[in-house]
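Here are a few notes to read alongside the model.

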Amino acid sequence: MRTALAAVPEAGVPGALAAVRDGRHDWRGSAGQAHLTSPRPMQPQLRHRIGSITKTFVATTVLQLVDEGRLGLDDPIRELLPEIVSGERGAEVTVRMLLNHTSGIGNYTNAMLDSYAAINQMQVTTYAPVELVAMGLAMPPTNAPGAEFSYSNTNYILAGLLIESITGNPAAAEVQQRILRPLKLRGTSFPGTDPTIHGPHSGAYFAPLGVRDLSEFNMSWGWTAGEMIGTTADLNTFFRALLGGDLLSPSALSEMLTGVPMLPDLPEAGSYGLGILSLPTPCGEFWGHDGVVFGHLMFSMHSRDGARQVSSGINISHYRTGLPDAHPIDVAWQSFHMTAMCPTSETSSRAAGSVQLPSVTRMPGNDAAVAAL
């Protein structure tokens, strides 16, 4: 794993960090530099923006409310948020469709990132959740409600508003009370409008902007779709508790792990459940999520029993050039994950060439939008 992780900076990232578990055995590692302008070694315990892995925490909170009988997965959202999503769309879209991205509601971040100037604006602007929802609802529907998977951050802003409507408390406070505090995830938080990552952390580099550090960023634009900060070790603790049944009833966990194909024409490529994705590998199915924000990427994957776990991050984003070949960074990072997930040399070598780690989050923007900047 040390060799595989060292290959990630060699492929072009400033630095990489990781935590791997196999049963009771923990391994943490890092490679490369935490900062470009004042080189300091990356450290495995650094805090990192986790982007859309936030969605798994939010979906778990919603499912706890389902366990408590306070809402149903097939409730129309018009009944729960009548002032925000009304009419026919509100009657047809259900809570389940928000959580598994089959609502057909547009992805507001695709509309936000249309220029380099937009990055500067997003960095210092405080957005209200209802503003973000309004952007997504104004976009053309991607599909009929429930028809197919189409990733949309708007779905999880609505999920956050559902939590607040039902509990009367801030969504971040509910996640803190229900998940972060009981699991003692001291390196994990919702920063709110505070742009600073408090505690040791690396720089965050958006590749088209070179060495400019974007680690100071008002993340209100991501809110319950992608605002959180965490550590690789905390992510492993969370997913082991989740998959082990410590956070949800067996029925709710079963609902969470029931997925829809992420690629309808290629269902064997992987599926998306309720805030969690699954990938087939030569050594079994793995569950987790990825996260993408400006300058920080994170990927966290786990065997179904939570015994074999890998969470890793890099401090550069949007490095893909639009060329047809796989980027060396993706090849090296994927190879590290396959080495950690499928530990025998024969299995990991097959896996490195046969399994594609997805980037389903598309946050912020999308590859086409960035390429056009």
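Is His-101 buried or exposed? At a relative accessibility of 0%, His-101 counts as buried (under 20% relative accessible area, with exposed over 50% and partly exposed in between; 1.4 Å probe, protein chains only).

1. A word on the basis: this is a predicted model, where local features need pLDDT of at least 70, side-chain atom pairs count only at pLDDT 80 or more, and totals for chains, interfaces and linings use all residues. Residues are numbered from 1 along each chain as its sequence is written, and side-chain values use heavy atoms, leaving out hydrogens and water.

2. His-101 has a positive phi, near 60 degrees, though it is not glycine.

3. Lys-184 is exposed, at 53% relative accessible area.

4. The structure holds nine aromatic pairs (Phe, Tyr and Trp rings, the six-membered one for Trp, with centres within 6.5 Å; planes under 30 degrees apart are stacked, over 60 edge-to-face, the rest tilted). Trp-27 and Phe-336 make a tilted pair, with ring centres 6.4 Å apart and planes at 40 degrees. This pair links strand S2 (residues 25–32) with helix H14 (residues 328–341), 309 residues apart.

5. Phe-206 and Phe-294 pair edge-to-face, at 5.6 Å centre to centre and 65 degrees between the planes.

Note on methods:
Helix = DSSP H or I, 4+ residues; strand = E, 2+ residues; numbered from the N terminus.
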